[in-house]
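This report covers strand pairing, helix packing and aromatic contacts. The sequence and the model come first.

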Amino acid sequence: MPSEGNLIEIKSPLNKEVIGKVKAMSKEDVDKAIEGAKEAQKSWSDTPLNERCEILYKTADILLQNQEPLIDLMIMEIAKDRKSAKSEIVRTADFIRFTADSAKNIEGESILGDSFPGGRNNKILIVNRDPVGVVLAISPFNYPVNLVASKIAPAIVSGNTVVFKPATQGALSGLYLAKVFDMAGVPVGVINTITGKGSEIGDYTVSHKDINFVNFTGSTEVGQRISKITTMKPLLMELGGKDAAIVLEDADLDLAAKNIVSGAFSYSGQRCTAVKRVLVLNKVADKLVDKVSKEIEKLTVGNPIEDSGNLDVVPLIDSKSADFVMGLIEEAKEKGATLLKGGEREGNLIRPTLLDKVTLDMRVAWEEPFGPVLPIIRVKDIEEAIKISNESEYGLQSSVFTENMNDAFYVANKLEVGTVQVNNKTERGPDHFPFLGVKNSGMGTQGIKYSIQSMTRPKAVVINLK
């Protein structure tokens, strides 16, 4: 057993109690984990696809059979309410099963040589997909089960092995899922877990010569650093966002308000795809703001320890996060924004906050809060809404609310984002849809089929006939 000095305490954001400890691994520990993954990959890639798929199906079954203790753990570790924790686990089981189904349908191709000018019919090319090797999977705190499975399942079903590093807060839940994979029969060395401070082993791990692929979800700051220190290493990254909901004059304002509030405040806005600002045309701004304000009043706010029901707004993951959000709110108020709802803080719990008449010189108009604050920015026309949206350093998703599909497609085609939602909140999924960000919101494309393709590479074999 490691000594107390080599352990990191995991404290609950709900009551500050220590709920577990993980090892602060050294570079030598990382070397052993990567070495084990590299060695195991040789035999794992030779394991028939149908056998790898059966292990995934069994993993999904075991996960659902053991969900109650994991739900309790997620509540304490990341302050997620019971309903949301259960939903994440069910969604993860579905993801794992669908990944196995999709892997069976990934096809190669054959190409005849004479299809190219001057080519001859005595050449036939067969293209298969080979695993990339050892995949480093780095997950965030906010979805410590789903965003782990979304990396591990496509990787291992494709014949790769995985070195998995969870965020420190969320590590206990992530390690629980890793144990479920183990219970399902994943061979030793196929999934290897490492824990510790990113400041001590992060750079070493991502730049390790035997890591063949990095799959990361987290902040843009860390993602940019990974991009700078890795050389000739493929990356798949989901980073930050400043997702805008654009509301046009002919929008169904009731629909828009419900989606905006749900998208902005679910899990206290601690989601990359949360609605983080509203760009509304002046003509309907007053009506929309009134409807949004009334929807906010319906939100449930509290501590999951004290309330076992469905909570929309819960304490933020730590005091640093709460300090940051409150700083954005106070700066906006000082510069003239109108505080319509919220703005109060109790510990790390910030009540859902609505800021109207936000201007472009305010930080809350541009910075990602990762908290329960929604700025309303009033614009004169569609072009101004598009311009402000595209001036963001981020490009994850946007929403456009309108009854005119010509306008919807016009806005969608102009926006510099990975996905545009028409008459819906910004959100991830269903999980077989492509999911990606542009600019500082990420690299590569996720989604079950797309993740499998990202973590495999074409292998071309040319048959030369006599």
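Which residue in S18 is the bridge partner of Val 247? The partner is Phe 401. The model is predicted, so to speak of local features a pLDDT of at least 70 is needed and side-chain atom pairs count only at pLDDT 80 or more, while totals for chains, interfaces and linings use all residues. Residues are numbered from 1 along each chain as its sequence is written, and side-chain values use heavy atoms, with hydrogens and water left out.

**Strands**

Helices (H or I, at least four residues) and strands (E, at least two) are DSSP runs numbered from the N terminus. Two strands pair if DSSP finds at least two bridges between them. Strands of a sheet pair through backbone hydrogen bonds, either parallel or antiparallel.

| Strands | Sense | Bridges | Bridge partners |
|---|---|---|---|
| S10 (residues 244-247) and S18 (residues 397-401) | parallel | four | Val 247 and Phe 401 |

S10 and S18 belong to an open sheet of seven strands in the order S12-S15-S16-S11-S10-S18-S19, with mixed pairing. Its edge strands, S12 (338-341) and S19 (419-422), each pair on one side only. From one strand to the next, the twist averages 25°.

**Helices**

Axes are lines fitted to C-alpha atoms, for helices over the stretch in contact, and angles run from 0 to 180 degrees between N-to-C directions. Helix H2 (residues 49-65) packs against helix H6 (residues 171-183) at about 125°, with the axes 8 Å apart. H2 and H6 are therefore oblique to each other (under 35 degrees is roughly parallel, over 145 roughly antiparallel, 65 to 115 roughly perpendicular, the rest oblique).

**Aromatic rings**

Rings of Phe, Tyr and Trp (its six-membered ring) pair if their centres lie within 6.5 Å; planes under 30 degrees apart count as stacked, over 60 as edge-to-face and the rest as tilted. By this rule there is one aromatic pair. Phe 141 and Phe 370 are edge-to-face, 6.2 Å centre to centre with 75° between the planes. Phe 141 is in the loop between S5 (134-138) and H5 (146-157), and Phe 370 in the loop between S15 (353-356) and S16 (373-379), so the pair ties together parts 229 residues apart in sequence. Phe 141 is buried, at 15% relative accessible area (buried is under 20%, exposed over 50%, partly exposed in between; 1.4 Å probe, protein chains only).
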